[in-house]
Amino acid sequence: MGYGADRESGKGGTMANVIDDATIEYVGILAKLELSDEEKEAAKKDMGRMLDYIDQLNELDTSGVEPMSHVLPVRNVFREDVVTNGDGREETLLNAPERKEDMFVVPKTFE
Amino acid sequence: MRSILNCTAVELSEKIKAGEYTAVEAMEAVFERIGEKEQEYHCYITLDRESALNRAKEVQRKIEAKELTGPLAGVPVAVKDNLCTKGVLTSCASKILENFVPAYSATAVEHLEKAGAVMVGKANMDEFAMGSTTETSYYGVTRNPVNPAHVPGGSSGGSAAAVALQECFMALGSDTGGSIRQPASYCGVVGLKPTYGMVSRYGLVSYASSLDQIGPITKNVADAAYLLEAIASYDKKDSTSMPDADRDFTGALVEDVTGMRIGIPRDYFGAGLEKEVETAVLAAAEVLKDAGAVVEEFDLGMAEYAIPAYYTIATAEASSNLERFDGIKYGYRTKGCVGLHNMYKKTRSEGFGEEVKRRIMLGSFVLSSGYYDAYYLKALRTKALIRKAFDEAFSKFDLILGPVAPSTAPKLGESLADPLKMYLGDIYTISVNLAGLPGISVPCGKDGNGLPIGLQLIGDCFAEKKLIRAAYTFEKQTVAKRL
Amino acid sequence: MSKHYETVIGLEVHVELATKTKIFCGCSTAFGGAPNSHTCPVCTGMPGSLPVLNKQVLEYAIAVGLATNCEITRDARFDRKNYFYPDNPQNYQISQLYLPICRNGRVEIETENGKKFVGIHEIHMEEDAGKLIHDEWEDCSLVDFNRSGVPLIEIVSEPDMRSAEEVIAYLETLRMLIQYLGASDCKLQEGSMRADVNLSVREAGTEKFGTRTEMKNLNSFRAIMHAIENETERQIDLLEEGKEVVQETRRWDDNKGYSYAMRSKEDARDYRYFPDPDLMPVHVTDAMLNGIRARQPEFRTEKIERYKREYDIPEYDIGIITETKHMADLFEETTALCGQPKKVSNWLMGETLRLLKEKNEDPEDIRFSPRHLAALISLVDSRAITGPVAKDVFEKMFEEDIDPEAYVEEQGLKTVNDEGTLRAAVEKVLAENPQSVADYKGGKQKAIGFLVGQTMKAMQGKADPGLVNRMLKELLG
């Protein structure tokens with residue numbers, strides 16, 4: 001909501017202007033990070049500065065250039081459909097902060 | 001005991017096999033050294049003397065029974081703490097994994113064990129390999145072995161410092177944007193970042209999956225070749241592992257660069273490069289030229305775009321890779337809080353350090369709706385252009401020669417205050433990761449304060465052998481000159 | 001309601017593929033294991049673990065794409081869909097957004113109003129999530145990752161359906177195609193087929209689509225029908241009241257018969273999709289495609305046409321028999337053995353369907369072999385057993401796939417053709433039922449029926465009823 005509007009209005013200016021409180025709040029929700037007020041201020045500054053720096057990529061003409069996800073020319077890496085793993089319960093649960101009846105305990109999820 | 005510590009890894013193993021030393025003596029010497037130095041330098045997060053000695057005993061038995069005959073049998077090795085080690089704490093220098101004990105080992109670690117190398121402990125690093133100084137570790141900083149007022153570099157700072165301080169005979173690091181080469185350079189040891197796909201990433205806790213690669217940090221080039229040969233493999237558990245690469249690296253330990261074409265990118269010698277570093281690196285080029293290489297300057301191009309592209313791609317991948325740390329399956333979980341999303345946020349906010357959070361935030365942003373094309377795809381297109389620039393360079397040259405870092409190791413506490421400035425220090429190493437190339441850092445001198453300077457050689461994909469041959473020749477030539 | 005409205009429906013159908021192992025690791029996909037027993041570092045998102053694609057998943061996805069007339073994407077890729085939820089161990093799901101494996105297909109459906117095409121927008125491969133169990137005692141939830149990483153394909157239709165009836169016809173068509181391929185058993189109740197309904201309404205005759213909602217948690221055809229009716233009404237009511245339909249995800253509560261919005265401020269719905277750097281691109285070669293094409297089975301439509309030409313059985317029977325490949329295979333193989341399509345069809349249409357219904361099983365669950373059904377038919381044909389005995393033997397065969405010949409022999413079920421034994425039985429019946437004998441002799445022809453019944457009963461069904469009838473008439477003079 002507010003975020004979208006802010007983002008629109010930010011176009012044309014520097015990214016430092018776009019990264020406002022609402023953006024930091026929004027990204028915090030996406031990244032599941034809760035920042036203190038100080039951290040938020042710092043994040044706003046850092047992110048704005050980094051993005052302005054990254055914006056120098058706009059000097060480059062990349063039209064017609066395929067985005068390169070992988071550097072290796074490898075395709076079609078498969079495994080056969082054969083069961084190779086046995087009962088992994090103990091190893092899976094080895095580091096569980098909280099377990100019950102061979103399951104991980106999590107705060108109640110609401111549907 | 002001193003003489004044993006002066007051995008290289010390969011020399012040590014030969015002496016153990018010859019009965020001159022035992023693997024147990026080697027490990028004892030290492031722990032004696034650790035006893036002297038670790039307090040001040042703090043290279044390790046996890047050390048367990050007793051189990052290390054027990055493993056050394058077992059290896060010694062196998063060596064005597066001729067079950068272990070390889071070139072690294074009996075050699076104490078440090079393993080960076082982002083490599084999973086079965087039954088041994090693997091924290092990635094983060095609070096969020098303060099109690100994570102994997103039930104499996106990284107493929108590279110398994111290969112080390114098969115080779116008979118014996119793990120000393122888990123080396124300190126920047127948290128989740130995010131940093132260039134080893135100051136972002138939750139478990140405290142590592143200090144530069146030459147001058148403890150300085151950083152050892154990062155993120156594999158613990159590994160590099162441990163090798164330089166003789167707190168091990170060799171080490172594994174990982175390199176996403178320079179994390180092997182730069183600390184090797186700052187600590188005066190050899191560090192090799194292999195071609196992407198050369199070493200299995202299975203069991204390496206991912207920072208940026210498309211850039212991460214495990215590699216050796218060693219006392220000299222020969223050790224690097226042997227250690228790389230031990231850990232490199234095609235691994236069916238890693239889809240990004242290269243099936244048919246030449247993995248015979250020790251065959252390249254030949255002192256001969258006759259006719260080898262070496263390019264020096266002019267773009268690497270501009271503003272920002274310290275004069276002493278420049279002088280030492282150019283002198284190194286002369287050494288190779290004298291040895292028969294054809295050295296030539298050229299314009300590589302794209303150098304200034306590597307850092308912005310890298311910090312877009314790496315943080316984007318990191319933001320996703322680090323989502324799994326949520327307090328449910330392993331690691332740190334916040335105490336007594338209500339509600340699922342609160343638990344996530346508190347756990348992660350308390351568990352991650354500042355630099356990690358900074359990168360997660362940036363990475364989440366560049367992938368978010370409305371910015372993906374402008375940032376992430378733009379960075380991937382830039383990456384393609386960077387690779388193209390290297391492809392063109394390698395049509396003319398066998399190797400590219402330049403500095404590892406613009407300066408020698410900075411003082412502790414100077415870097416983190418200004419992250420962007422710290423990121424700029426990665427300028428010579430980062431494009432190598434973006435293009436998936438191999439690179440090696442070899443000591444090539446010292447600055448006025450005695451801090452080591454590193455020479456970087458960059459090869460084409462899967463051309464590690466050329467890299468090793470040139471580095472080996474350079475090392476032999478400089479050692480000969482010093483004598 | 002003054003205006004006339006049209007319902008516009010598109011479906012997102014998730015189908016669990018019938019592979020032996022998960023999509024990215026070698027863990028079993030079998031149902032019923034102890035919690036977290038079918039897990040490994042990969043499907044529980046352990047640090048340092050990496051995915052490797054199960055080839056069979058790709059082959060099934062392509063096969064379904066070909067069966068639904070899709071274009072196969074020659075260079076496909078996997079993307080990460082990032083969102084936090086405890087059943088999602090990495091907090092991202094590996095799926096396909098930018099280059100899904102199949103696109104632009106269509107299937108033909110048949111409804112009471114005739115045939116029509118439903119477009120397939122795309123089919124993509126992805127991994128399933130784990131299971132969340134709500135702990136009633138402790139006010140917490142428990143996570144079991146056994147289903148985490150089970151391969152799914154998601155079939156996204158175009159908004160081409162206009163009624164619940166069309167939706168059901170579309171789902172039935174998909175189900176049959178996929179079952180024919182052996183790519184999944186497609187059971188809604190067990191969750192191996194799941195449908196999310198995207199629905200909007202608009203005034204009849206208008207071009208523009210209305211705002212749609214997405215309905216989740218639909219576990220049966222009945223729930224789907226019910227939810228569609230309910231949501232259509234809800235949206236029309238909103239519009240009639242001058243309100244707006246909100247684009248949202250709603251969850252259907254089948255017990256209560258209504259849906260409610262699934263909303264949370266923590267749910268930003270910004271999935272930050274990007275290509276998964278841990279997986280290499282897929283390149284579908286001509287050889288792969290031709291291989292899969294060559295292995296495609298004869299689908300139902302073609303099968304129906306062929307049956308009409310080759311077998312002299314009612315069209316109705318053909319329709320039922322070809323609903324599942326298993327039943328059709330059973331029919332064809334049994335017919336090949338005994339050469340009597342009509343009799344095979346009768347067994348399938350009659351006793352088989354009756355027992356399936358009685359035992360609440362699906363045609364895929366049929367266990368008896370074509371060889372044994374053919375043998376049973378031949379036992380009846382040769383009059384070695386009677387009709388009633390054959391039904392009992394069939395029931396046993398249905399349960400345990402016994403060999404009918406051996407079973408009839410062991411249990412002594414063969415029809416008694418020995419005149420002496422039969423005559424003795426008939427005489428005994430006559431002696432015990434003087435009233436019926438008198439009735440018959442008095443002209444009540446029907447009385448003989450009772451006497452035949454009594455004799456058959458005395459013979460435990462193993463007598464030839466024709467022979468009994470003849471013998472009775474003879475003895476009654």
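User: First up, is C:R367 buried or exposed, or partly exposed?
Analyst: C:R367 is partly exposed, at a relative accessible area of 38%. Buried here is under 20% relative accessible area, exposed is over 50%, and partly exposed lies in between (1.4 Å probe, protein chains only). Bear in mind that this is a predicted model, where local features need pLDDT of at least 70 and side-chain atom pairs count only at pLDDT 80 or more, while totals for chains, interfaces and linings use all residues. Residues are numbered from 1 along each chain as written, chains are lettered from A and ligands numbered from 1 in the order written, and side-chain values use heavy atoms, leaving out hydrogens and water.

User: Which side chain does C:R367 meet in a salt bridge?
Analyst: C:E361, with N to O at 3.7 Å. The rule wants a side-chain nitrogen of Lys or Arg within 4 Å of a carboxyl oxygen of Asp or Glu. C:E361 is partly exposed too, with a relative accessible area of 23%.

User: And how many salt bridges does the structure hold over all chains?
Analyst: 74. Some share partners: A:D87, A:R89, A:E90, A:R99 and A:D102 are joined into one network that way.

User: OK, switching to chains A and B. How many residues does each give to the contact?
Analyst: Chain A puts in 55 residues and chain B 69, with contact meaning heavy atoms within 4.5 Å. Together they bury about 5300 Å², 67% of it on carbon and sulfur atoms. That area is the accessible area (1.4 Å probe) that two parts lose on being put together, summed over both.

User: What about salt bridges across that interface, how many does the rule find?
Analyst: Four. One of them pairs B:D418 with A:R49, the closest N and O atoms being 3.0 Å apart. As for where chain A touches chain B, the elements giving two or more residues are α1 (2–10), α2 (15–18), α3 (21–31), α4 (37–54) and β3 (103–107) of chain A. Helices (H or I, at least four residues) and strands (E, at least two) are DSSP runs, numbered from the N terminus.

User: Where does B:K357 come in, and which residue does B:K357 pair with?
Analyst: B:K357 forms a salt bridge with A:E39, with 3.2 Å between the closest N and O atoms. The pair runs between chains, from α12 (residues 354–367) of chain B to helix α4 of chain A. B:K357 has 7% relative accessibility, so B:K357 counts as buried. A:E39 sits at 28%, so A:E39 counts as partly exposed.

User: Anything between C and B? Which side chain does C:R272 meet?
Analyst: B:E323, in a salt bridge at 3.2 Å, N to O. This pair crosses chains as well, going from the loop between β15 (258–261) and β16 (274–275) of chain C to the loop between α10 (306–321) and α11 (340–351) of chain B. Both C:R272 and B:E323 are buried.

User: New topic: why is helix α6 of chain B largely enclosed?
Analyst: Because seven of the eight residues of α6 (residues 157–164) of chain B are buried. Among them are B:G157, B:S159 and B:V163.

User: What do the buried residues of α6(B) pack against?
Analyst: β1 (44–47), β2 (76–80), β3 (118–123), β4 (170–175), α7 (181–187) and β6 (213–218) of chain B. Just after α6(B), B:Q166 takes a positive phi of about 65 degrees.
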